[in-house]
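My notes follow in the order I worked.

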Amino acid sequence: MKKVVTFGEVMLRLATPGYQRFIQSTNLNATFGGGEANVAVSLSNYGIPTDFVTRLPKNDIAEWCISDLRKYNVGVNNILRGGDRVGIYFLETGAVARASKVVYDRADSAIAEIKPGMVNWREIFKDAQWFHWTGITPALSQGAADACLEAIKIANEMGVTVSTDLNFRKNLWKYGKTASEVMPALTEGCDIILGNEEDAEKVFGIKPEGFDVAHTGGEVNADEFESVCTQMMKKFPRAKKVIITLRGSINANHNTWGGCLYSDKLYQSKRYDITHIVDRVGGGDSFMGGLIYGLLTYPSDDQKALEFAVAASCLKHTVYGDFNLVTVAEVENLMKGDGSGRVSR
């Protein structure tokens, strides 16, 4: 089976224990995470060969990170070495009416200093079937945006399927360009486009008619997003499928979760009621990992691919850390309706 290649930043994650606030915590739990690395871990867990491309310095923290990725069978042979630091993010997990908080410390990280020509994409894509990137990478620096565009163009030339998660992060776009200026040229080369209920609006100005995310009462209706999907496919005619994750946020611990996929028509998933969230960070990435697996495994069944993605990401909300450490069998059991949580003996 040909590999899936992902490209982006992996960071050291420092999280307060439990639901403690930054100001009261005396220690932090250390793990690693990042959108594209999270997708690679999911796919590796499902038995899909992966290759994660990034740039990390030559120091012990980077070695720790690479060892962690290797533990989950993620391909690390094309990680560039250079630069001075690994990016960090700090996480305070919210509860009930108090939202979670993320504080970034990733300026001047090794990958932010990447430039086109540094990665041998033609060599990497020789045995690849899929390339995935997210809107986080071009937000880091002009060099990272240019390197990402370089990869997309070469993947297009070589017949490699390209997917993106729009992943708009307003706090990252600080180098003088906006997402609206940079993202269109990159998204033009994508076959599969994923976003949440706000990404298309904040990046491209495309929004569903009559929808206000702030006044949903915790429920998000998939039908309202068909117009977003059709507008996206009109704007980006290469795209074969547009997918939107649908999160209804009742409070920090209780969300509804589902998704819709538009290809020849609108497909809607089962909706899950997640009442006791363990960790929602990486939820969208686990959806993307599940979606790529689903589209590769069930190429003629968009409904089943969507259901796999939603079930996989539903389970991610029960797993601490960025990585979705679940198996295909566990996802398939949930798809069949086994959500009881009974002990498996």
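Entry 1: I am working on a predicted model. The largest cavity comes to about 60 Å³. I listed its lining: Leu166, Ile193, Leu194, Gly195, Asn196, Asp199, Ala200, Val228, Met232, Val242, Ile243 and Ile244. By class, I get nine nonpolar residues, two polar and one charged.

**Entry 2: the largest pocket.** I turned to open space next. The largest pocket holds about 1500 Å³. I count 49 lining residues, with Val102, Phe168, Arg169, Asn196 and Arg280 nearest the pocket centre. Two or more residues each come from α1 (35-45), β7 (88-92), β8 (101-105), β11, α7, β12 and α9 (283-297). Which element gives the most to this lining? It is β12, with four residues. The classes split into 17 nonpolar, 17 polar and 15 charged. I note that Asn196 is in the cavity lining and is also listed by the pocket centre.

**Entry 3: Thr93.** I placed Thr93 in the loop between β7 and β8. Buried or exposed? Thr93 has a relative accessible area of 14%, so I log it as buried. Leaving out residues up to four places away in sequence, I find Thr93 touching Thr16, Gly18, Tyr19, Arg98 and Ser100.

**Entry 4: aromatic pairs.** I found 14 aromatic pairs in the structure. I checked Tyr72 and Phe323 in detail. Their ring centres are 5.5 Å apart and their planes stand at 75°, so I call the pair edge-to-face. Tyr72 is in the loop between α2 (60-71) and β6 (80-81), and Phe323 is in the loop between α10 (302-316) and α11 (328-335), so the pair ties together parts 251 residues apart in sequence. Tyr72 is buried at 18% relative accessibility. Phe323 is buried too, at 5%.

I took Tyr293 and Phe308 next. Their centres lie 4.7 Å apart with planes at 35°, so this pair is tilted. Tyr293 belongs to helix α9 and Phe308 to helix α10, 15 residues apart. I get 9% relative accessibility for Tyr293, which is buried. Phe308 is buried at 0%.

I also logged a cluster: ring pairs link Phe7, Trp121, Phe125 and Phe131.

**Entry 5: charges over rings.** The charged end of Arg13 sits over the ring of Tyr320, 4.9 Å from the ring centre. Arg106 lies over the face of Tyr104, at 4.7 Å from the ring centre.

Note on methods
Residues are numbered from 1 along each chain as its sequence is written. This is a predicted model: local features need pLDDT of at least 70, side-chain atom pairs count only at pLDDT 80 or more; totals for chains, interfaces and linings use all residues. Side-chain values use heavy atoms; hydrogens and water are left out. On a 1 Å grid over the protein atoms alone, a cavity is a set of points where a 1.4 Å probe fits but cannot get out, and a pocket is an open set with protein on both sides within 12 Å along at least five of seven lines; lining residues have an atom within 4 Å of a point. Grid points are joined across faces, edges and corners, and a volume is the space filled by probe spheres set on the points. Ala, Val, Leu, Ile, Met, Phe, Trp, Tyr, Cys and Pro count as nonpolar, Asp, Glu, Lys and Arg as charged, and the others, Gly among them, as polar. Buried means under 20% relative accessible area, exposed over 50%, partly exposed in between (1.4 Å probe, protein chains only). Contact means heavy atoms within 4.5 Å. Rings of Phe, Tyr and Trp (its six-membered ring) pair if their centres lie within 6.5 Å; planes under 30 degrees apart count as stacked, over 60 as edge-to-face and the rest as tilted. A charge sits over a ring if NZ of Lys or CZ of Arg is within 6 Å of the ring centre and within 35 degrees of the ring normal.
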